[in-house]
Amino acid sequence: MSDLTLQQDLQGLKSLKNERNAAIDAASTRPLPKTFPVNELASKLHPESQFLKIKQVIEHSADERSFVLEPDTEKGTQHLAYFRAGQYISFRLKIGNSYVTRPYAIRSAPADALKDQYIITIKRVKNGFVTSFIFDNWAVGTPIEASAPAGNLYFEPLRDQKNIVGLAGGSGITPFYSLASAIADGTEHVNLTILYGSRQHDHILLAPEFSKILSKTNDVKLINVLSDDDIDGFEHGFITAELIQKYAPKTPYSIFICGPEAMYEFMDKEVKKLNLPAGRIRHELSGNYGSPYHETDYPADSRDKVYQLTVKTRDHEQIISAQSNESILVAMERAGITAPSLCRSGECGVCRSRLISGKVFSPEIIDGRRVADSEYGYIHTCASFPISDVAIEVPVHDLADQFG
Ligand code: FES
């Protein structure tokens, strides 16, 4: 480098310093913002918790109630998170000494969330631990904590066909009610054909409410399928592959399935007979998976056993008992451990934990783990049943945080 070039470079460096100081002096003295609009929007759409209050209770029958929910502003929730029709929120409840979660589909339309209102409809399960608590304790004004909306049972134009065939059983009708409402109010632009299975005519949920929606749009069709009653104007029997083909559009369609375990397993097998291309079927189990004993690959010698379950977190270890017919998640909840969970049916991965030792049985129908997780010893506690003494590591520092 010549002396002249070196001098020019040094001169440039000096003026650069002067320019920088001038720019600093001219800059605004206003402090940098502590939050950014994009982060504020993200926390509105995906809050860690929503604090809600019951605004109204609607009694459909002795065993069926709708709860209208609004934000509990005093506890810090000013507005409800928006959602996609078909999604659920998971309630966080303390019942006795147990901390439990329960997902329930939001059955109101997404547009109602913009008016700070969700509606959920719950059917009381005979001897049900959680539904009995809800029916006995929830009244106008009751405060409730819930997750942000979650779940994949919604229409996504990049993924799904514009014709959707919804297969519903029992209270699994509620996500389709939300989608039908969103079609009627112009939020969603799809054609929806619902085949809704109930045992008897009296068991059909939300019948008058559905009639109102059907009177507003031609893009929603509802076919009630009764297994026990044979009544004119209703299909009789089960939701079989033949029945689906009878009502499904002749153009390509996607199938969404939501129902209780027994019906879900039946419909799942029938849908496979249709040989639809991969990616055309979405499903969600409505409620908890029950006992795994009926699965053909369940190891018979593990039935009716009580195993030792060691639960480790980063700085805590607890040994509890776990029954072979209840999931590891349920065993932890019964023991008062506030284990993380959301969907409770193997899909979301929130309960993902490391299996340190022992063996678990994961029914195929709810085993939503990634292949790598199965190979490297991770389990979904909601979809894993102990078949030996088991030790797991739950990946949260303070499990009580989940319940605030
Ligand atoms: S809670 Fe969703 S996978 Fe277990």
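**Exercise 1: the largest cavity**

The largest cavity holds about 40 Å³ of space. The model is predicted: local features need pLDDT of at least 70 and side-chain atom pairs pLDDT 80 or more, while totals for chains, interfaces and linings use all residues. Residues are numbered from 1 along each chain as its sequence is written, and side-chain values use heavy atoms, without hydrogens and water.

Task: which residues line the largest cavity, and which helix gives the largest share?

Solution. 
1. On a 1 Å grid over the protein atoms alone, a cavity is a set of points where a 1.4 Å probe fits but cannot get out; lining residues have an atom within 4 Å of a point.
2. The lining consists of Ala85, Gly86, Leu153, Tyr154, Phe155, Pro175, Phe176, Leu179 and Phe256.
3. Helix α5 (residues 174-184) gives the largest share, three residues.
4. By class, eight are nonpolar, one is polar and none is charged.

**Exercise 2: the second largest pocket**

Task: what is the volume of the second largest pocket, and which residues are closest to its centre?

Solution. 
1. A pocket is an open set of points with protein on both sides within 12 Å along at least five of seven lines.
2. The volume of the second largest pocket is about 830 Å³.
3. Its lining has 25 residues, of which Tyr264, Asp268, His283, Glu364 and Ile365 are closest to the centre.
4. Helix α8 contributes six residues, the largest share.
5. The lining divides into seven nonpolar, seven polar and eleven charged residues.

How values were computed:
Points joined across faces, edges and corners; volume = space filled by probe spheres on them. Helix = DSSP H or I, 4+ residues; strand = E, 2+ residues; numbered from the N terminus. Nonpolar A, V, L, I, M, F, W, Y, C, P; charged D, E, K, R; others polar.
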